Amino acid sequence: MAAAADSERKRTLNRRPSSSSFRLRCSSLNSLRLRRVFDIFDKNRDGLITVQEIHQALARLGLETDVSDLDSTIRSFIKSGNIGLTYDGFVALHESLDQRLFGLDMEVEEEVAEEDESESDLTEAFKVFDEDGDGYISAEELQAVLGKLGLPEGREIDRVEKMICCVDQNHDGRVDFFEFKHMMQSVVVRTS
């Protein structure tokens, strides 16, 4: 019974995302974010991300995946002769999943519900960082998530504390949801 409850609490990739605002709408921002995600998955920096690298990254984030399901999902996006996805294949995979999961035929409905959905997505993103569920992201929690992703900041608490200070508007040494939301809404990518 305890195992069933534990299994129920675990997040899984098999469920359909709850909102279409997950889709990245700004093409330049989308490209920047996708490149960053690709680089995070490409642990050995060989320009390819293997099924195993994706599986490991998702596992570190607490997302359960079946390697064979993951392989069958991305196999057609891997160029013949390669052992993994190139960046272009990763972009094609993202676009395919975006189309399959969210479609493009509901754009009017999306615009109406976008603000509520964005709030819900921000809440879910916040929960990833707020590991103890106390409503705040501490430097230690941020460091833990960055460490799970294998980012160098995950090993340097001083850098993580500076990151927190840049967002911490009320100077309490941690980030609450409203500070997190403000930070996420203020991210702007300048194009030339």
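This is a predicted model: local features need pLDDT of at least 70, side-chain atom pairs count only at pLDDT 80 or more; totals for chains, interfaces and linings use all residues.
**Entry 1**

Residues are numbered from 1 along each chain as its sequence is written, and side-chain values use heavy atoms, with hydrogens and water left out.

**Entry 1: overall layout**

I found nine helices and four strands in the protein. Helices (H or I, at least four residues) and strands (E, at least two) are DSSP runs, numbered from the N terminus. In order from the N terminus, the elements read α-β-α-α-β-α-α-α-β-α-α-β-α. The protein has 192 residues, of which 32% count as buried. It exposes about 12400 Å², and carbon and sulfur atoms supply 54% of that area; the areas come from the Shrake-Rupley method with a 1.4 Å probe, and for residues only the protein chains shown count as cover. I also looked up contacts, meaning heavy atoms within 4.5 Å. Among contacts with a separation of 6 or more, 52% join residues 24 or more positions apart.

**Entry 2: the nonpolar core**

Which residues touch the most other members of the largest nonpolar core? They are F41, I49, I54, I74, L85, F90 and I137, in a core of 33 residues. Helices α2 (27-41), α3 (51-60), α4 (67-74), α5 (87-102), α6 (107-129), α7 (139-148), α8 and α9 (177-185) each supply at least two residues of this core. Such a core is a set of buried Ala, Val, Leu, Ile, Met, Phe, Trp, Tyr and Cys residues joined through side-chain atoms within 4.5 Å. In soluble globular proteins, nonpolar side chains tend to be buried together. I then listed the partners of I49: leaving out residues up to four places away in sequence, I49 touches F38, F41, D42, I54, G84, L85 and F90.

I turned to α8, which spans residues 157-167 and has V160, I164 and V167 as its buried residues. These three lie on the same side of α8 because they cover an arc of only 65° around the axis, the arc being that of the directions from the helix axis to the C-beta atoms. An α-helix has 3.6 residues a turn, so residues three or four places apart point the same way. On the other side of α8, I found D158, K162, C165 and C166 exposed. R159 also belongs to α8 and is partly exposed, with a relative accessible area of 37%.

**Entry 3: cysteines**

How many disulfides does a search of the whole structure find? The search finds zero, a disulfide being a pair of cysteine sulfur atoms within 2.5 Å. The sulfur of C165 has its closest cysteine sulfur in C166, 7.0 Å away, which is too far for a bond. C165 is exposed at 57% relative accessibility, and C166 is exposed at 71%.

**Entry 4: D176 in strand β4**

I located D176 in strand β4 (residues 175-176). D176 is buried, at 16% relative accessible area. Apart from neighbours within four places in sequence, D176 is in contact with F126, G135, Y136 and N170. A polar atom of the D176 side chain lies 2.8 Å from the backbone nitrogen of E179.

**Entry 5: loop residues**

R45 sits in the loop between α2 and α3, and its phi is positive, about 55°, although R45 is not a glycine. H171, in the loop between α8 and β4, likewise has a positive phi, near 55°. H171 is exposed, with a relative accessible area of 68%. Most residues other than glycine have a negative phi.

Lastly, I looked up R75, in the loop between α4 and α5. R75 is partly exposed at 43% relative accessibility. Its side chain makes a polar contact with the side chain of D71 at 2.5 Å. A polar contact is a pair of N or O atoms within 3.5 Å; within protein, one must be able to donate a hydrogen and the other to accept it, and residues adjacent in sequence count only if both atoms are side-chain atoms.

Technical notes: Buried means under 20% relative accessible area, exposed over 50%, partly exposed in between (1.4 Å probe, protein chains only).
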